[in-house]
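This briefing is meant to be read beside the sequence and the coordinates.

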Amino acid sequence: MNKSPSRIDPSDVVILFADLQAGIVERTQTLALNRLKAGVLGLAKLAKLFGMPAIVSGVRGEDGSPAKMIGEIEEGLGALPTHHRTTCDSFLNEEMVAAIEATGRKSLLISGVATELAVQLPALTACDQGYRVYVVLDACGGISERTEQAALLRMTQAGATTVPVMTLAGEIAGDFRDAKAQQAIGILYEMARP
């Protein structure tokens with residue numbers, strides 16, 4: 001049996017920021033909102049530093065208005081278009097799938113709210129489609145401890161792996177003598193702040 005690599009290669013990563021928008025992020029009950037935003041910012045900074053493309057998904061308001069994403073994504077990565085999904089699973093939206101497939105990358109890091117829905121469903125579908133899926137724990141928020149734990153269990157049983165931003169920063173940093181590694185370690189230290 002061929003085992004996939006256990007390490008994350010930033011040259012094969014695409015990041016999905018799912019539903020990190022006003023009206024949804026405030027519903028996180030498993031991670032304080034300030035910690036969630038710090039995790040999202042750290043992940044966005046790592047994406048920019050290591051050239052990992054990011055896709056942003058959101059849900060339009062009841063009146064059809066576009067999703068207003070939290071500022072940490074733009075702060076870390078610059079302005080990105082929001083792909084408005086029309087199903088609970090981003091991988092069931094042609095526009096989303098096309099954007100992810102266009103990167104040519106097969107390792108998917110997912111950040112979002114709620115873990116039980118906007119993170120879990122695309123994680124399961126991506127696993128089924130052969131992606132290496134990583135749920136970025138400190139850049140996700142769930143509705144309750146119990147339901148988030150159930151979602152994480154189901155995702156890991158399907159083949160997804162969990163990773164914190166801090167670990168990701170250390171893992172992909174490389175040689176500390178390199179300037180890019182120093183910046184990654186700086187992000188790691190930012191994540192370690194209370």
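How many helices and strands does the secondary structure of the protein come to? In this predicted model, the secondary structure comes to seven helices and six strands, and from the N terminus on these elements run β-α-β-α-β-α-β-α-β-α-β-α-α. The radius of gyration is 16 Å, close to the 16 Å that the globule rule gives for 194 residues, so the protein is as compact as a globular protein of that length.

**Overall dimensions and surface**

- Taken along the principal axes, the C-alpha atoms fill a box of roughly 50 × 40 × 35 Å, and 51% of the 194 residues count as buried.
- Among contacts between residues at least 6 apart in sequence, 80% join residues at least 24 apart.
- The protein exposes about 9500 Å², of which carbon and sulfur atoms supply 52%.
- There are 18 positive and 22 negative side chains, and the centres of these two sets lie 4 Å apart.

- The buried residues of H1 are Leu36, Gly39, Val40, Leu41, Gly42, Leu43, Ala44, Leu46, Ala47 and Leu49.
- What covers these buried residues includes strands S1, S4 (107–113) and S5 (132–141), together with helices H2 (71–77), H6 (165–173) and H7 (179–192).
- Just after H1, glycine 51 takes a positive phi of about 65 degrees.

- Threonine 28 is found in the loop between strand S1 (13–18) and helix H1 (33–49), and it counts as buried because its relative accessibility is 8%, under the 20% cut-off.

- Not counting residues up to four places away in sequence, asparagine 93 touches His84, Arg85, Thr86 and Thr87.
- Asparagine 93 and histidine 83 are ten residues apart in sequence, and their C-alpha atoms are 9.4 Å apart in space.

Note on methods
Residues are numbered from 1 along each chain as its sequence is written. This is a predicted model: local features need pLDDT of at least 70, side-chain atom pairs count only at pLDDT 80 or more; totals for chains, interfaces and linings use all residues. Side-chain values use heavy atoms; hydrogens and water are left out. Helices (H or I, at least four residues) and strands (E, at least two) are DSSP runs, numbered from the N terminus. Buried means under 20% relative accessible area, exposed over 50%, partly exposed in between (1.4 Å probe, protein chains only). Contact means heavy atoms within 4.5 Å. The radius of gyration is taken over C-alpha atoms; the globule rule is 2.2 Å times the number of residues to the power 0.38. Accessible areas come from the Shrake-Rupley method with a 1.4 Å probe; for residues, only the protein chains shown count as cover. Lys and Arg count as positive and Asp and Glu as negative; His and the chain ends are not counted. The place of a charge is taken as NZ of Lys, CZ of Arg, CG of Asp or CD of Glu.
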